[in-house]
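I opened this entry to look up how the chains meet and what holds some of the residues in place. My notes follow in the order I took them.

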Amino acid sequence: MPVDLTLQAEGDTFDAASLNDSLGDVETGLNALTEQDIDEGALSRQHLPSLVIEVAPLVEFVATHVYTEADCTWPGFNNNAVAPGVGWREINTTGSPGGGTDLETTFAVARTIGSDNVGGILVLADIHLQTIRDTPPVPGAAFGVYACFAIQIEHDTGGGAAWETIGKTERYVDMRNVQGDLSDEFLHIDVPIRTLIKAADSTSPITKVRAVTAIYDPGAAGVHETSLRHCNLTALVLHAGAP
Amino acid sequence: MTQRLPKFRPRNSEVVDVDDYNRALLPFAEEASGKLGEHNFADQTTAGNAIQRGDVGQNAGFRWRQTEHTQDQLTGTTGTRFEIIRAPYWRTVTSATVSWTGPAGKFWIIASWQLFPQTINLVPGNGPMFAIRVNGTVIPESIVGTAEMDNDPLGGLLWGCWPHAVDTIVDIPEGENTVELVVRTMRDNTSGIRDIVANRELIILQQTR
């Protein structure tokens, strides 16, 4: 709280009581300092050792994992449907069958944006896309097929924890990246996704963040698959405020 | 505030002037009201007196600014596409600009976007290049495509539907500031179908600690 100091004026009684009044004003104010009393930039590493409240454990794996069109057909934009079938498949070390280690990180406690100084959650993900191809490989058959990726958060909006797709994070790569002989369509593309999850995205307790994938086939013949390899994901719970 | 010492210390038998007395207290009263600085707080090594994260405001770590554009690119039913004009000058990507007036500081700027060609584009020089521009100055290390404007006629991202992300940390002065995601091509070519930028996000984190 601001210090509301009572100043002494000429002619005022200057005695123990008036002295104590002024000193008491300063004492009261100093003993009830608020967050707003701290000047911006006042705190250093010694006061606030980290700029982030929590770094969710980095999840990372390097192994080829394959996803099939039949298992995870793109469910449409900003859609929460999950595989198998039409829906997003969590990226994991075993690919379409699932059950391996997911590209998913869990917070130590549920984080609610706007509470406890949590201003947002910065998500950083990189996914190494190796191939988009027909199964079995046929030259050119995967032309126009898209590998799709997105970030999802697990939050509880009142009906229990559920995964929700963050629409702005949907990313796509298509087979037009490579020309020529498509029998061995090694793309080797990094799919980087960076996003700030903020109150407009969720004000419910967020427990997990993950990356998902799907395949969009607007009409190419055959059954397609994608293979991924080196993936990593982390999420930083920012001690931050909006402007 | 800086460490303060009383300007006025009464001595025995001295007549105390009320103005001196007021001047002795005013600096504490004024600076404790929103101007407390690093000297005024015990550090984390001082047992029992350390500031806890809950003791400080949200802006004690970062102040964030952000803009985004969400678009259904694959079926094209929602959102407005940003079309890339093929011209050799930097142009702002719509909905990827943040402006503000504020104090100086160190800023972590992150841009993440989806490039989507509407046709196969293999003409050298037609591919787009992207960069972060701060107050009118393109940050060289943030350029995606090529930074060799004079020597690389093939510059630009030619091949297909492809997401990108760049980030940079810069010192920005106080006052009015503008950060943008910008795009250009090597060649001036108005023919053909233009590439587009779909989903995009520009995140600006000001370190306030």
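**Strand to strand.** Strands count as paired if DSSP finds at least two bridges between them. Opposite F62(B) in β1(B) I found A240(A). Strands here are DSSP runs (E, at least two residues) and helices are runs of H or I, at least four residues, numbered from the N terminus.

**Ground rules.** I noted that this is a predicted model, where local features need pLDDT of at least 70 and side-chain atom pairs count only at pLDDT 80 or more, while totals for chains, interfaces and linings use all residues. Residues are numbered from 1 along each chain as its sequence is written, chains are lettered from A and ligands numbered from 1 in the order in which they are written, and side-chain values use heavy atoms, with hydrogens and water left out.

**The interface.** I then took the two chains together. In chain B, 71 residues are in contact with 71 residues of chain A; contact means heavy atoms within 4.5 Å. The two chains bury about 6400 Å² between them, and 63% of that is on carbon and sulfur atoms. Buried area is the accessible area (1.4 Å probe) that two parts lose on being put together, summed over both. On the side of chain B, R53(B), W64(B) and R209(B) lose the most area to chain A, together 14% of what that side buries.

Next I checked the polar side. I found 23 residue pairs in polar contact across the interface, both residues at pLDDT 80 or more. A polar contact is a pair of N or O atoms within 3.5 Å; within protein, one must be able to donate a hydrogen and the other to accept it, and residues adjacent in sequence count only if both atoms are side-chain atoms. Which element of chain B gives the most to the side that touches chain A? It is α1(B), with 8 residues. The residues of that side divide into 32 nonpolar, 26 polar and 13 charged. Ala, Val, Leu, Ile, Met, Phe, Trp, Tyr, Cys and Pro count as nonpolar, Asp, Glu, Lys and Arg as charged, and the others, Gly among them, as polar.

**Salt bridges.** Between chain B and chain A I counted 3 salt bridges. The rule asks for a side-chain nitrogen of Lys or Arg within 4 Å of a carboxyl oxygen of Asp or Glu. One of them joins E201(B) and K168(A), at 3.4 Å from N to O.

Over all chains the search gives 13 salt bridges. D71(A) and R89(A) form one, with the closest N and O atoms 2.9 Å apart. D71(A) lies in the loop between β2 and β3 of chain A and R89(A) in strand β5, so the pair ties together parts 18 residues apart in sequence. Both D71(A) and R89(A) are buried. Buried means under 20% relative accessible area, exposed over 50%, partly exposed in between (1.4 Å probe, protein chains only). R89(A) also meets E90(A) in a salt bridge at 3.5 Å, N to O.

**A buried threonine.** Last, I looked up T105(A), in strand β6 (residues 104–111) of chain A. Is T105(A) buried or exposed? T105(A) is buried, with a relative accessible area of 2%. Its side chain reaches the backbone oxygen of P57(A) at 2.6 Å.
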